[in-house]
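I opened my notebook and went through the structure piece by piece. Here is what I looked up, in the order I took it.

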Amino acid sequence: LVMYRTGPLTSSFNQELDILLSEISTKFDCFVVSGDLNVHFDNHVKNRVVSQTLDTFKSFGLKKLVSEPTHISGGNLDQIFIYSLKNELKAAVSVDAANNLGSDHFPVFCDFNITPVKKYFKSIQYRNVKEVDGDLFSKQLSEVTDNILSLDGSFCSLLSNLSESTFPYLMIMLQFWKRQSQSLIKPLGSTKSTGNCGR
């Protein structure tokens, strides 16, 4: 996202910025905001509105990359912010303070590197007890306990068969994103499956 802002910095800009970032941060795992914002980011300690602008970026997890002056009169006016949900986006920034292009703003160069996040899948089994038919389960449990002495097999297998008839195992496929020690989980879907007692 390339941004250009001119004129005095007011709180209305921060309000618009908040709306913009709240919209795009929910749609993308990583993105870049850069441009001539004409905000003296180096003056955030003394200027309350500048401090609020920085806080707005930080509140959405964006990192400020440019720290040195970017204007011939001084001031950190040109900026690059990066957002990376899974830390797969890295950036290295350099400012041409020699101003070889002759502009009133120094050229800002940035190299981006994206590390692909490994994806893998895993299946797990679970019982959805929230959807159990309570009346049916109570009836079948009563029948089992009334006839427990006359039934063949272990008590565990009896309960397993009872569970399968009222709330069977479900199989869910999970998709993991993994980079170093970080993992994010996304359910892909579920199907019925059979299972053994004690799982």
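**Entry 1: a loop residue**

I began with Asn99, which sits in the loop between strand S4 (89–95) and strand S5 (108–114). The model is predicted, and I read every entry here with that in mind. Is Asn99 buried or exposed? I found a relative accessible area of 15% for Asn99. The cut-off for buried is under 20%, so Asn99 counts as buried. Next I asked which residues Asn99 is in contact with, leaving aside neighbours within four places in sequence. I noted Ile72, His105, Phe106 and Pro107.

I then looked up Ser73, in the loop between strand S2 (63–64) and S3. Ser73 has a relative accessibility of 65%. Exposed means over 50%, so Ser73 counts as exposed.

**Entry 2: strand S3**

I turned to S3 itself. Seven of its seven residues are buried, so S3 is largely enclosed by the rest of the structure. I sorted the residues by the way they point. Asp78, Ile80, Ile82 and Ser84 go one way from S3, while Gln79, Phe81 and Tyr83 go the other. Both sets are buried.

I checked the strand partners next. S1 pairs with S3 in the antiparallel sense, over seven bridges. Within S3, Asp78 stands opposite Asp36. S2 also pairs with S3 in the antiparallel sense, over two bridges. I looked up Lys64 and found Phe81 of S3 as its bridge partner.

**Entry 3: nonpolar cores**

How many residues does the largest nonpolar core have? I noted 17. Those with the most contacts inside this core are Leu21, Phe31, Val33, Leu37, Phe57, Leu62 and Phe81. I then asked which elements supply the core. Helix H1 (11–24), strand S1 (30–36), helix H2 (48–59) and strand S3 (78–84) each give at least two residues. H1 gives the most, with four residues.

Not counting residues up to four places away in sequence, Leu62 touches Leu21, Phe31, Val33, Phe57, Phe81, Ile82 and Tyr83.

**Entry 4: H1 against H2**

I looked up how these two helices pack. Their axes are 10 Å apart, at an angle of about 5°. Angles under 35 degrees count as roughly parallel, so H1 and H2 are roughly parallel to each other. From H1, the contact is made by Ser11, Phe13, Asn14, Leu17, Asp18 and Leu21. From H2, I listed Val49, Gln52, Thr53, Thr56 and Phe57.

**Entry 5: the whole protein**

I counted four helices and eight strands in the protein. Along the sequence, the pattern reads α-β-α-β-β-β-β-β-α-α-β-β. The protein has 199 residues, and 32% of them count as buried. Among contacts with a separation of 6 or more, 63% come from residues 24 or more positions apart. Last, I looked up the surface. The protein exposes about 12,600 Å², and carbon and sulfur atoms supply 54% of it.

Definitions and conventions
Residues are numbered from 1 along each chain as its sequence is written. This is a predicted model: local features need pLDDT of at least 70, side-chain atom pairs count only at pLDDT 80 or more; totals for chains, interfaces and linings use all residues. Side-chain values use heavy atoms; hydrogens and water are left out. A nonpolar core is a set of buried Ala, Val, Leu, Ile, Met, Phe, Trp, Tyr and Cys residues joined through side-chain atoms within 4.5 Å. Buried means under 20% relative accessible area, exposed over 50%, partly exposed in between (1.4 Å probe, protein chains only). Contact means heavy atoms within 4.5 Å. Two strands pair if DSSP finds at least two bridges between them. Accessible areas come from the Shrake-Rupley method with a 1.4 Å probe; for residues, only the protein chains shown count as cover. Axes are lines fitted to C-alpha atoms, for helices over the stretch in contact, and angles run from 0 to 180 degrees between N-to-C directions. Angles under 35 degrees count as roughly parallel, over 145 as roughly antiparallel, 65 to 115 as roughly perpendicular and the rest as oblique.
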